[in-house]
Amino acid sequence: CPFRPSLLQMNSSMHVAALPCLSLMLLLWSPGPWVRGQEFQFGPCRVEGVVLQKLWQAFWAMKDIVQAQDNITSVRLLRKEVLQNASETESCHLIHALLRFYVNTVFKNYHDKAVEFGILKPFSTLANNFFVLVSKLQASQEKMFSTRKSARRRFLLFYQAFKQLDREAAVTKAFGEMDILLSWMEKFYQL
């Protein structure tokens with residue numbers, strides 16, 4: 001009878017074989033010396049290791065397709081009242097609320113369209129990076145209370161405009177306005 005490894009031996013072999021792949025994934029996800037010094041600084045909130053240029057490239061790869069789907073040109077979700085003149089401390093709360101909304105609502109509800117339009121790769125790049133930003137901002141978020149109310153009012157202006165539209169149209173508009181959000185975020189990006 002030929003040698004047959006036990007289930008335990010096979011399981012152990014699979015774990016050993018998976019280690020190089022896992023190590024490579026961790027290396028790619030962890031910030032290395034090439035991203036040191038690149039960070040978002042939203043007032044007291046700081047996030048290292050997210051490269052703004054990658055966010056822009058992902059958006060540009062799908063901008064025309066996404067914005068062509070937006071048929072409501074009379075409404076803007078990310079109006080001046082939402083983003084303009086936000087203090088640095090407000091920016092921490094506001095970006096956290098906006099990014100969390102994009103991750104939980106916009107990306108979640110636009111996934112099928114991204115597949116349909118063949119833009120899943122840039123879509124995933126944006127979604128994953130927004131998720132990283134939200135998770136890294138969360139720890140800092142709990143330490144500050146002073147400007148939360150003001151930032152919340154700004155976010156509610158965005159959210160109320162979103163809720164006034166049909167769900168699909170609102171998600172499409174929010175996704176199409178990502179260039180406005182990225183331009184605002186760019187002010188807080190430091191090399």
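1. A disulfide is a pair of cysteine sulfur atoms within 2.5 Å. In this predicted model, such a bond joins Cys45 to Cys92, with an S to S distance of 1.7 Å. A search of the whole structure finds one disulfide.

2. Cys45 lies in strand β2 (residues 45-48) and Cys92 in helix α4 (residues 88-117), so the bond ties together parts that are 47 residues apart in sequence. Helices (H or I, at least four residues) and strands (E, at least two) are DSSP runs, numbered from the N terminus.

3. Cys45 is buried, at 0% relative accessibility. Cys92 also has a relative accessible area of 0% and counts as buried; the term means under 20% relative accessible area, with a 1.4 Å probe and protein chains only.

4. Helix α2 (residues 52-68) packs with helix α7 (residues 167-176) at an angle of about 140°, and their axes are 9 Å apart. Axes are lines fitted to C-alpha atoms over the stretch in contact, and angles run from 0 to 180 degrees between N-to-C directions.

5. From α2, Phe59, Met62, Val66 and Gln67 meet Thr172, Phe175 and Gly176 of α7, where contact means heavy atoms within 4.5 Å.

6. Residues are numbered from 1 along each chain as its sequence is written, and side-chain values use heavy atoms, without hydrogens and water. Local features need pLDDT of at least 70 and side-chain atom pairs count only at pLDDT 80 or more, while totals for chains, interfaces and linings use all residues.

Definitions and conventions. Buried < 20%, exposed > 50% of the residue type's maximum accessible area, 1.4 Å probe, protein only.
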